[in-house]
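Hi,

Here is the structure we talked about, with some notes on what turned up in it. Please have a look at the model first and then read on.

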Amino acid sequence: MPEQGSPPMPVRDAEQGLTDPTDTARAEAAQADGQTVAATRERPPSLWRNWDYMCWWSGNAVSLLGSNMSNVAFPLLAVFGTGSVLNAGIIAAAGRIGGLLTLLWGGALADRRSRKLILVVAPALQAAMMGVVTVSLLSGPVHVDLLAVMALLSGLVTGVRSGAVLPALRRIVPREQFAARAAQEQGLAMGAQLAGSPLAALLFGVARWLPFGVDALSFFFASIGAALIRHPLGPDREPKGSTATAGDAEDPPKRRRVIADIAEGFRIILRHDFLRYTTGWVAVTNLVGNSFMLLLVALLASRGATPQLIGVTNAGVLAGGILGAFLAGAILRRMSALHVFQTGGWVYVASLALAAVLPAPWQIGLATAAFTFASVPTVTVWESYTARLVPDQLIGRVGAASSFCAQSLTWLGMLLAGWLGSQFGTTVAALCFAGILLPFAVAGHLARSLTLLRTPLDQVNEVSVARTTEPATPGGRRHNRGEERAD
C-alpha cells in the first residue's frame, strides 16, 4: 500500500519569475503552508463526528452493557444458585461453541449478502432468546440445561453477526483511524463491563431474572443502531458478466464457493508469518483471559466476597481496561509496537499469578486490573496490523477465519477453569492459567514472525490478492513471502 499523505505541491518558479532568493524562500514557505493545508483537508474527521460509526457505536454500547450484565449474572446464578463452578463453565462453554459453529460461515456470508441486514436481524433474534431465559427464571428454579441451550443458540447468532462487523467497519471508518477505532472500542467494551458488573450484582440481588430481562431489551438498541447507518456496507455487486469463470461454471452455485471462501481465509493466515503467529497467540490469550474472568467470580467467593462485592471488584478490574484505553494512544506513541507486544505478554503472566495468591478481594482486583490495562494496547497492535494487511475484498473471510481461531479454545478454557476449580481449588486453577501464557511471553522476544511490528503501521503493505490464489510451483512453494513482508 502506498504511504498515506498529501503529494508535494510544486513551486512554479518559471511561471512566476522567481529569481530573487527572498522570493524563492517565500515560495518554499508557501509550499510548506500548502502541504499543511492539504494534509489538514485530507485528514478525516474525528470518529465522534462520524455519523455512521456513532450509530453503530451507540447501539453496540447499549447492547454490550446488557450483555455484560448477563455475562456476570450467569456465573453468579450458577455459583450461588446451584453451588457449582462447573455449571458456570458449562453455560459459558455452550455459548462459545455456538459462536464457533457459525463464525466461519458468517464470514463467508458477509462477503456475499447484505451486511447491514445481518447486523439488524441478528440482535433481534438474540433478544428473543434472552427473553426465554428471563421467563424461565420467573417461572421456576434454575435449569442449567435450558440455560446452556439458550446460550448455544445465542452463540450461533453471534457467530453469524461477528462475520459482518469488521467488513462493515472497514466501510465506515477510514483506514488511518483503525488503530484509534480499535482502542476506542476496547474502551467501550471495558466501560460496558465496568458499568455492567455492579449493575448485574445489584439487579441480581433484587431479582435473579432482572439482569437477563435488561439484556433482552438492550439487543434492540444494537439492531436500531445498525439500521440507522447510511453508508452502503456491502458487499458490492459485481458487474454483470464479470463473475463467470471456467471453474465457476462447473461448480455447484453456492455451497462449494462458500467452502472455498472459508478455506481461502485460512490459507491467507497460514501463509503469512505475522498472521499465523498472532492468530495462535490470541487464541491462547483468549482462552486464559475469558476463562479467568469466570474463574475470578469463584476466586473471590472463596475469599468470602458477597455477590455485591464481586460486582464492585469486577468493576475495578475493568477500570484498568478503561484506563488502558485512555492511555493506549500515548503508549503507542512512546513505545514501538513490538515493545508494546512484548511488555504486554509479561504483564499478563505476572498479574494473573499475583491474583491467584493474594488474600484480599481488593488486591485480587488490583492485580487483575493490570491484565486488562495491558490488554488494550497489546490487542490494539494486533488488530491494527491485521486490518492493515488484509484487503477489503478478503476481510470478511480472513476476519472470520481469524476470529474463529481466536475463539476456538475459549469453550475449552471455560470447562478447564470449572474443572480445575472443582478438583484442585481456585488458587491452583488461577496459577495454571498464568503458566499457560508464560511460553508466549518468552516467545515474544524470540519469534521472527513479529519482525513486522518493527515497520511503522502506515508503511505496511497489504497482502497481494493475486498471490493469495497463486498456484504452487513444481517444488511446492508459493512465491509470496516477499509480498507479505513489509520490512
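Contact here means heavy atoms within 4.5 Å. On that basis, among contacts in the protein chain between residues at least 6 apart in sequence, 87% join residues at least 24 apart.

A word on the ground rules. This is a predicted model, in which local features need pLDDT of at least 70 and side-chain atom pairs count only at pLDDT 80 or more, while totals for chains, interfaces and linings use all residues. Residues are numbered from 1 along each chain as its sequence is written, and side-chain values use heavy atoms, with hydrogens and water left out.

Now the overall picture. The protein chain has 19 helices and zero strands; these are DSSP runs numbered from the N terminus, with helices being H or I of at least four residues and strands E of at least two. Of the 487 residues in the chain, 50% are buried, where buried means under 20% relative accessible area, exposed over 50% and partly exposed in between (1.4 Å probe, protein chains only). The accessible surface comes to about 22300 Å², and 64% of it belongs to carbon and sulfur atoms. Those areas come from the Shrake-Rupley method with a 1.4 Å probe, and for residues only the protein chains shown count as cover.

Ser223 counts as buried because its relative accessible area is 10%. A polar atom of its side chain lies 2.6 Å from the backbone oxygen of Val120. Leaving out residues up to four places away in sequence, Ser223 touches Leu119, Val120 and Pro123.

Beyond its neighbours within four places in sequence, Gly225 is in contact with Cys55 and Trp56.

Phe220 lies in H8 and is partly exposed, at 41% relative accessibility.

Finally, the aromatic rings. How many aromatic pairs does a search of the whole structure find? There are eight, where rings of Phe, Tyr and Trp (its six-membered ring) pair if their centres lie within 6.5 Å, and planes under 30 degrees apart count as stacked, over 60 as edge-to-face and the rest as tilted. One of them is Phe266 with Phe404, which is edge-to-face because the planes stand at 85°, with the ring centres 6.1 Å apart. This pair links Phe266 in helix H10 (residues 255-271) to Phe404 in helix H15 (residues 395-407), 138 residues apart. Phe266 is partly exposed at 24%, and Phe404 is partly exposed at 23%.

Another pair is Phe274 with Tyr385: the centres are 6.1 Å apart and the planes are at 50°, so this one is tilted. Phe274 is in helix H11 (residues 273-302) and Tyr385 in helix H14 (residues 361-389), 111 residues apart. Phe274 is buried at 1% relative accessible area, and Tyr385 is buried at 6%.

Best wishes

Terms used: A polar contact is a pair of N or O atoms within 3.5 Å; within protein, one must be able to donate a hydrogen and the other to accept it, and residues adjacent in sequence count only if both atoms are side-chain atoms.
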